[in-house]
Amino acid sequence: SHSKNTRITTIAAPLRTTQEYRKESSEHLTWLSRRWLFNIPRSGRVEGMRALGRLAIVDHAANIQADLKNCLMTLVSSASLSRSTSETGLLFDATGIDVCIVGSTSGGTSSGCMLDIAWMIRELVSNGRMPPVRVSSMLLHGTAHGRQVADMQDANTVSFLQELQHFSVPGAQ
C-alpha cells in the first residue's frame with residue numbers, strides 16, 4: 001500500500017535534435033561514435049539503442065544528479081527516519097542506505113544508463129558524506145515478437161551484462 005505522502009520523482013531526459021548535437025559534437029565524440037550523433041531518430045526517442053540512452057543521461061547529468069541527491073537526502077533525513085519508524089513500528093536509522101535500481105537490460109534507455117545511475121548514486125553518497133550505500137538492482141529482460149527487434153534487445157542485454165562484468169572487477173575503470 002502507498003502512503004498518501006509517497007513522493008514519486010520523474011526525471012525527463014529527452015534527446016535533442018541532430019542539429020543541436022552537431023553544434024557541440026566535440027563534447028560527445030570522445031566516447032560516442034559520430035554515427036550515433038548524426039542518426040538520432042526523428043522521434044527524438046532512443047528507440048532501443050543503448051548508445052542513445054547513455055547520450056540522454058550524459059546530456060542531462062546535472063539535473064539527474066540534483067534530483068538523485070534530493071532523494072538521497074530525504075532518505076537519511078531525521079524526519080524521514082522518524083516517520084518510517086512511527087508508521088512501521090520498526091526502528092530505522094541512517095547507518096546505511098539501500099538503493100535498488102530497477103530496469104530493463106533489453107531496452108535502450110535503461111540498458112544504456114543503469115550503470116551510470118549506480119555510479120552517480122555512489123559518487124553523491126561519497127561526496128555528500130552520507131552513510132554507506134548498498135546499491136543493488138533488479139534486472140529485467142524481455143523481447144518483442146518481431147525477430148529484428150528481439151535481436152536488438154538480446155544484443156542490448158549481452159552488451160549491458162558485459163559492461164556490468166567489466167565494472168564489477170575491483171579497480172576497473
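In this predicted model, the sulfur of Cys71 lies 15 Å from the closest cysteine sulfur, which belongs to Cys100, and this is too far for a bond. A disulfide would require the two sulfur atoms to be within 2.5 Å. Cys100 is likewise in no disulfide, the nearest cysteine sulfur being that of Cys113 at 14 Å. By this rule, the count for the structure is zero disulfides.

Aromatic residues were examined next. A pair of aromatic rings is described by the distance of the centres and the angle of the planes. The structure holds zero aromatic pairs. Aromatic rings do, however, take part in contacts with charged side chains. The charged end of Arg16 is placed over the ring of Tyr21, at 4.5 Å from the ring centre. In a second case, the charged end of Arg35 sits over the ring of Trp36, and the distance to the centre of that ring is 4.4 Å.

The backbone was considered last. Most residues other than glycine have a negative phi. Glu47, which is not a glycine, has a positive phi of about 45°. Glu47 is located in the loop that runs between helix H3 (34-37) and helix H4 (50-59). The relative accessibility of Glu47 is 43%, so the residue counts as partly exposed.

Methods: Residues numbered from 1 in each chain as written. Predicted model: local features only at pLDDT ≥ 70, side-chain atom pairs only at ≥ 80, totals over all residues. Heavy atoms only, no water. Phe/Tyr/Trp six-rings, centres within 6.5 Å; stacked < 30°, edge-to-face > 60°. Lys NZ or Arg CZ within 6 Å of the ring centre and 35° of its normal. Helix = DSSP H or I, 4+ residues; strand = E, 2+ residues; numbered from the N terminus. Buried < 20%, exposed > 50% of the residue type's maximum accessible area, 1.4 Å probe, protein only.
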